[in-house]
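Me: I'd like to talk through the side-chain contacts in a structure, one question at a time. Could you take a look at it with me?

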Amino acid sequence: MKLDQTIFSNLYYQLMLFLHRKDLSKLLPLYDCKWNPHLFGQHYQFHFAPLRTKKLKILEIGIGGLEVGVSGGYADDPYSGGESLRMWKNYFTNSLIYGIDIVDKTALESDRIKIFQGSQEDEAFLKKVVEETGKLDIIIDDGSHHNDHVIKTFKVLFPELNDGGIYIIEDTHTSYIPSYENWSKFSDDTEPPEWSQYGGSLDLYDPKTMMNFFKRLVDCLSHQEFFHPGYLPNYFDEHIVGMHFYRNQIFIYKGNNTQPGNVMENNVLRPEFLQEIGIDSAHELGLFFPKIDDPTKL
């Protein structure tokens with residue numbers, strides 16, 4: 001009887017995977033791979049549905065099945081995890097799926113799934129991965145969720161996206177989890193709690209957190225409209241064409257963002273606007289222009 005129930009459950013599960021293969025809002029909860037499957041699935045479906053049957057190269061950072069202590073030790077089964085890679089393979093029927101993990105997970109490879117072992121904070125490793133895969137179309141960071149790792153990985157890998165590509169950050173809630181420097185304010189324990197490893201901050205405007213880094217990049221979308229004589233656009237200015245923020249999830253679109261501004265020309269008011277206020281040059285305004293940081297710098 002128990003065997004019959006197991007067989008029936010497996011058949012029913014496979015049927016659900018088939019029936020919902022085109023809808024990530026229903027498919028994702030069937031896989032044990034995301035913290036917020038019902039929350040994430042609807043957004044993935046919205047952004048990925050137009051791409052489902054295209055021939056893409058998709059990279060996901062973090063394969064799952066990993067237990068990490070605050071001391072940095074890893075305890076893992078090389079056969080555990082891989083659910084999200086299988087989900088992407090099921091959904092993107094014509095795409096190549098790549099995965100990165102700190103632990104050797106190559107045992108989970110299959111047709112259209114290739115896995116690399118290494119750290120997402122290792123720039124040389126990331127570049128070697130792209131040398132083998134070629135330019136990518138979708139990158140999903142579901143890795144360590146450490147704020148500094150997420151930021152560094154984005155700076156290295158966003159340039160490796162094709163135009164029209166999408167870069168996704170998951171589990172951005174770690175931006176708000178107090179870091180090692182703050183944990184002692186909550187506990188008298190001499191051993192820092194595991195949650196303090198992520199490097200978040202009590203300060204909502206702390207520039208070291210991933211949320212503030214990506215909020216800064218929103219300005220890149222309209223860099224042409226900065227009133228800042230002599231401003232030189234950076235890589236993100238010229239290649240980020242869209243950003244979507246959701247709870248614990250960010251989608252960043254890559255493309256050509258070098259079109260001229262509406263009001264500014266080379267980050268100075270256009271002559272016709274200067275004439276409207278009766279001057280010939282922006283210098284006549286006597287304005288002070290504070291330095292604008294370059295978010296591409298490591």
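This is a predicted model: local features need pLDDT of at least 70, side-chain atom pairs count only at pLDDT 80 or more; totals for chains, interfaces and linings use all residues.

**Charges and rings**

Me: Are Glu-109 and Lys-114 buried or exposed, or something in between?

Reply: Buried would need a relative accessible area under 20%, and exposed one over 50%. Glu-109 has 32% relative accessibility, and Lys-114 has 31%. Because both values fall in between, Glu-109 counts as partly exposed, and Lys-114 is likewise partly exposed.

Me: Which parts of the chain does the pair of Lys-114 and Glu-132 tie together?

Reply: The side chains of Lys-114 and Glu-132 meet in a salt bridge at 3.8 Å, N to O. Lys-114 belongs to a strand and Glu-132 to a helix, so the pair ties together parts 18 residues apart in sequence: strand β5 (residues 113-117) and helix α5 (residues 123-133).

Me: And how does Glu-132 count, buried or exposed?

Reply: The cut-off for exposed is over 50%. Glu-132 has a relative accessibility of 52%, so the label is exposed.

Me: How many residues apart in sequence are the parts that Glu-170 and Lys-34 tie together?

Reply: Glu-170 forms a salt bridge with Lys-34, and their closest N and O atoms are 3.0 Å apart. Glu-170 lies in strand β7 (residues 161-170), while Lys-34 is in the loop between α2 (24-27) and α3 (37-48), so the parts they tie together are apart in sequence by 136 residues.

Me: Now the rings: why is the pair of Tyr-91 and Phe-92 edge-to-face?

Reply: There are 22 aromatic pairs in the count. The ring centres of Tyr-91 and Phe-92 are 5.0 Å apart, and planes over 60 degrees apart count as edge-to-face. This pair is edge-to-face because its planes stand at 90°.

Me: What is the angle between the planes of Phe-213 and Phe-214?

Reply: Phe-213 and Phe-214 are both buried. They form an edge-to-face pair, 5.0 Å centre to centre, and the angle between the planes is 80°.

Me: Last one: the charged end of which residue sits over the ring of Tyr-91?

Reply: Tyr-91 is buried, at 0% relative accessible area. Ring pairs link Tyr-91 into a cluster whose members include Trp-88 and Tyr-246. The charged end over the ring of Tyr-91, 6.0 Å from its centre, is that of Arg-52.

Methods. Residues are numbered from 1 along each chain as its sequence is written. Side-chain values use heavy atoms; hydrogens and water are left out. Rings of Phe, Tyr and Trp (its six-membered ring) pair if their centres lie within 6.5 Å; planes under 30 degrees apart count as stacked, over 60 as edge-to-face and the rest as tilted. Buried means under 20% relative accessible area, exposed over 50%, partly exposed in between (1.4 Å probe, protein chains only). A charge sits over a ring if NZ of Lys or CZ of Arg is within 6 Å of the ring centre and within 35 degrees of the ring normal. A salt bridge is a side-chain nitrogen of Lys or Arg within 4 Å of a carboxyl oxygen of Asp or Glu. Helices (H or I, at least four residues) and strands (E, at least two) are DSSP runs, numbered from the N terminus.
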